[in-house]
Amino acid sequence: MMTNQVSDLEGSKVVLFRRNANSVPRQRRVDERRGQVLTTKVGLQMPAGLTFEDWERAGRQLSGIVNSSSWWLGDWLVYGKDHYTDRYQRGIRAAGLQYQTLRNYAWVSRRFDFSRRRAALSFQHHAELASLPVDEQELWLDRAEQLQWTTKQLRSAIRMAREDEVRDGTPTPETMRRLAVPGSRLQWWHKAAEQSGIDFEQWVLATLDNAAERALEEEEQEKAGISA
């Protein structure tokens, strides 16, 4: 079991990754700092002689923090938007976060109620399924969880299922909706999706949803101004 201890080190927040002190024999606690990995704002501080077990343990915790932080940020923005409509953008600027990335996180968070999120799967697993209807989301979440698929394996399975539907002659949203896009623009969009850290298709859907949301918000504000 690991515990996190937060302190200040030269102005930076530091997290100490180490075993629970209660589980460490008394005679070993004098050497406890040898297994500590410190996270600061500018990187990791790993001591010389770090054991493989401690290095592996820190990696698991860091991975969990990264995955959880996507949900945290998404929920944070959703709450701010629902409760502080006129001020939440100021909070985003004060936090120094990229608004587009947060909107993507918030989009996925809205698509999955807290009770439907699978702790065994990453945020990116959920992002791959965010555009699907709820029943299809549950189906793929079950498969990914039971078969322990990576995000790439989940994406491949979905793509194969779509290809099978096309071969069987079953109409799908992908075959009925086509949009001619210049190649240069596609490259531009792919680059933006990579910088956002999400799959290209999910980035396109999230961006269109965000644009539609902004347009509807502006329309509602205009109507409210006229009625006032």
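Because Arg 57 and Asp 54 are 3 residues apart in helix H1, about one helical turn separates them. The side chains of these residues form a salt bridge, with 2.5 Å from N to O; a salt bridge here is a side-chain nitrogen of Lys or Arg within 4 Å of a carboxyl oxygen of Asp or Glu. Both Arg 57 and Asp 54 are buried, a class defined by under 20% relative accessible area, against over 50% for exposed and partly exposed in between (1.4 Å probe, protein chains only). The model is predicted: local features need pLDDT of at least 70 and side-chain atom pairs count only at pLDDT 80 or more, whereas totals for chains, interfaces and linings use all residues. Residues are numbered from 1 along each chain as its sequence is written, and side-chain values use heavy atoms, with hydrogens and water left out.

A second salt bridge links Glu 56 with Arg 60, whose closest N and O atoms are 3.7 Å apart. Glu 56 and Arg 60 are both in helix H1 at a spacing of 4 residues, about one turn of the helix. Glu 56 counts as partly exposed because its relative accessibility is 37%, while Arg 60, with a relative accessible area of 52%, is exposed.

## Overall architecture

The protein chain contains 9 helices and 4 strands, taken as DSSP runs numbered from the N terminus (helices H or I, at least four residues; strands E, at least two). Along the sequence, the pattern is β-β-β-β-α-α-α-α-α-α-α-α-α. Of the 228 residues in the protein chain, 30% are buried. Among contacts with a separation of 6 or more, 43% come from residues 24 or more positions apart, a contact being heavy atoms within 4.5 Å.

## Surface

Leu 44, Met 46, Phe 52 and Trp 55 make a nonpolar surface patch of about 450 Å². Patches consist of residues with over 30% relative accessible area and no salt bridge, joining like charges within 9 Å and nonpolar side chains (Val, Leu, Ile, Met, Phe, Trp, Tyr) within 5 Å.

Helix H3 has 13 residues and spans 18 Å from its first C-alpha to its last, close to the 18 Å expected at 1.5 Å a residue; the expected span is 1.5 Å times one less than the number of residues. The buried residues of H3 include Leu 102, Tyr 105, Trp 107 and Val 108.

Arg 116 lies in the loop between helix H3 (99-111) and helix H4 (123-129). Its relative accessibility is 14%, so Arg 116 counts as buried. The side chain of Arg 116 reaches the backbone oxygen of Arg 111 at 3.1 Å. Leaving aside residues up to four places away in sequence, Arg 116 touches Arg 111, His 126, Val 134, Gln 137, Glu 138 and Leu 141.

## Further salt bridges

The structure holds 10 salt bridges. One of them joins Asp 86 and Arg 87, with the closest N and O atoms 3.8 Å apart. Asp 86 is exposed at a relative accessible area of 70%, whereas Arg 87, at 44% relative accessibility, counts as partly exposed. Elsewhere, salt bridges with shared partners connect Arg 116, Arg 118, Glu 138, Asp 142 and Glu 145 into one network.

Key: A polar contact is a pair of N or O atoms within 3.5 Å; within protein, one must be able to donate a hydrogen and the other to accept it, and residues adjacent in sequence count only if both atoms are side-chain atoms. Accessible areas come from the Shrake-Rupley method with a 1.4 Å probe; for residues, only the protein chains shown count as cover.
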